[in-house]
Amino acid sequence: MTEPTATPLLDAVHVPSDLRRIPEDRLPQLADELRRETIDAVSVTGGHLGAGLGVVELTVALHHVFDTPTDRLIWDVGHQVYPHKILTGRRDRIRTLRKGGGLSGFTKRAESEYDPFGAGHSSTSISAGLGMAVARDLKGADNRVVCVIGDGAMSAGMAYEAMNNAGAAGSRLIVILNDNDMSIAPPTGAMSAYLARLVSGRTYLSLREIGRGLAKRLPKFVERGAARAEEYARGLAMGGTLFEELGFYYVGPIDGHNLEHLLPVLKNVRDADQGPILVHVVTQKGKGYAPAEASADKYHGVSAFDVVSGAQAKAVANAPSYTKVFAQSLIAEARDDDRIVAITAAMPGGTGLDLFAQAFPARTFDVGIAEQHAVTFAAGLATEGLKPFCALYSTFLQRAYDQVVHDVAIQKLPVRFAIDRAGLVGADGATHAGAYDIAYLGCLPDIVLMAPADEAELVHMVATAADYDEGPSAFRYPRGEGVGVEMPTRGHPLPIGRGRVVREGTTVALLSLGPRLAAAREAAEELGLRGVSTTVADARFAKPLDRDLILRLAREHEVLVTVEEGSTGGFGAMVLQLLATEGALDRGLKIRTLTLPDRFQDHDKPELQLAEAGLDAKTIAATALLALGREARAALRA
């Protein structure tokens, strides 16, 4: 453990107004101290490091130039906001990042007035910022609105929809394009900084408006020609023609780590009486920390690590991750079927498709942060007889729901949805929790919806999806490691809509969908110790339901408890509807449905989240006892 380095300037900054009193020539020192503090904090908590290190100077410059929080500063996605949080009154809690009761890893309105918009998904900042700018204009206010969006987020159509709308609306809006990966600009340097300072300054903008005023007195074709000539000339010198066509005044590119370049340009655009402006800054992920700079993924997400060596403190896995099992299973299927292709939306590593791409590069498609396109692209592939597996996180599939309905389900196209991060996700919290996919997919006609109880079941469900050609199918699986069961050498297709009984009893039936089966088995052991004979069943399918199995459980037991790591309105609701329709509730069956709570759960350790949600073994057992009318306090205390 190294001794903390002195941070005299940072120690004096409690809120951004303190930062604005620091002389500009001392801001580089403040940036250095802020970078060290960020590295030290994330070494304790883990989290998103590389993105934050890349915007340290930009964060300092923005809070120095703009009057936050009166001026609205909106960060896209939120991966890069740790330095922002340190400067905005949250330094004393920065080592609680992503811990239960601590700071969120993303911007969060409830956390600070300096977070005007919450972000966990990408590409929303310009839309939200335009809304704030238009609201400002309607109210007759005069504050600035600044959106910071990364080049990766610019691969999403929503960003361009917002820019198109902003360009047409003409409201004063400043967009900072943080270019740290795409290399969409020529090399930055003194000349580029000079040009950016020149064209963002009052003199140039005033002359530009005078020229436009004169041109308006000339015939229309001359006016249009003059405007296009001016934009074309700036485009040749600086780039940015695309943004000009969308109605933005383009400034840049400039070095995002050079405060002498950043500060004058930001002041110019702050003071410009101009419509939407885009400032293009070039940064480096992981800047200032050698292990992050050298890392292929720029330390995007890290566990706690040693600051000196950069070595991350990761626990040894006892079982393979569900993500890796999916990837390996899909590779095995694809070796025997050249019609299988895989699609990801900018998450090849997160979904395991980086492994698939190594085996089948020509059959792997990364479409960028564009889930809507990913789904309809997969639909197009399916129309031509291919077998597309569209691998997305549950929380990101939400962004393409219309495409799932209209472009896949209505047309009964056999697109296979591999839904990663289904259920709770620990430190990433509510924005990334896969809580709703059972409910929003289960209501669609003719879809097959599966959930494996363990990693071996996932192997079989990949094979089932590959074999099923009659319409859309989906299988949801959690983040993290499996439970350590024996793995099959190859998956085999499961009978569609059939569950299985893993333990027979007579009084209570626990019907689990997905990986809560292990907790249900543990609950059955607890109930057995209390003299309650318990059946445990694995539903396997949320749709179609195993009608015969469910009706048998209802007929032969006093209590039926459904268990799922999903929201209300999901599997339990579908079981209830079946039982009500069949009259099974009229015979005195006591049924309880255990789901995630009907609220957004904050980040915490996964096991604590599950206990809070009431999906742990103790609560399952206690629920059954209460339904039976027996004393459950002992179970709750145990």
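Is Arg270 buried, partly exposed or exposed at 22% relative accessibility? Arg270 counts as partly exposed, and the views below show this residue along with several others. This is a predicted model, so local features need pLDDT of at least 70 and side-chain atom pairs count only at pLDDT 80 or more, while totals for chains, interfaces and linings use all residues. Residues are numbered from 1 along each chain as its sequence is written, and side-chain values use heavy atoms, with hydrogens and water left out.

**View 1. Arg270 and its partner Asp271.** These two residues form a salt bridge, with their closest N and O atoms 2.9 Å apart. (A salt bridge is a side-chain nitrogen of Lys or Arg within 4 Å of a carboxyl oxygen of Asp or Glu.) Asp271 is partly exposed too, with a relative accessible area of 28%. (Buried means under 20% relative accessible area, exposed over 50%, and partly exposed in between, using a 1.4 Å probe and protein chains only.)

**View 2. The salt bridge of Asp437 and Arg476.** Here the N to O distance is 2.4 Å. The pair links distant parts of the chain, 39 residues apart: Asp437 sits in helix 21 (residues 437-442) and Arg476 in strand 11. (Helices, H or I with at least four residues, and strands, E with at least two, are DSSP runs numbered from the N terminus.) Both Asp437 and Arg476 are buried.

**View 3. Arg500 meets Asp538.** The closest N and O atoms of this salt bridge are 2.9 Å apart. Arg500 belongs to strand 12 and Asp538 to strand 14 (residues 534-538), 38 residues apart. Arg500 is partly exposed at 24%, whereas Asp538 is buried at 0% relative accessibility.

**View 4. A salt-bridge network.** Look for Asp11, Glu37, Asp40, Arg91 and Arg95, which are linked by salt bridges. The structure holds 38 salt bridges.

**View 5. The largest nonpolar core.** This core has 52 residues, and those with the most contacts inside it include Leu27, Leu62 and Val279. (A nonpolar core is a set of buried Ala, Val, Leu, Ile, Met, Phe, Trp, Tyr and Cys residues joined through side-chain atoms within 4.5 Å.) Helix 3 (residues 27-45) gives the most to this core, with seven residues. A second, separate core of 50 residues includes Ile343, Ala374, Leu549 and Leu560.

**View 6. Around Val279.** Leaving aside neighbours within four places in sequence, Val279 is in contact (heavy atoms within 4.5 Å) with residues including Val175, Ile176, Val251 and Val265.
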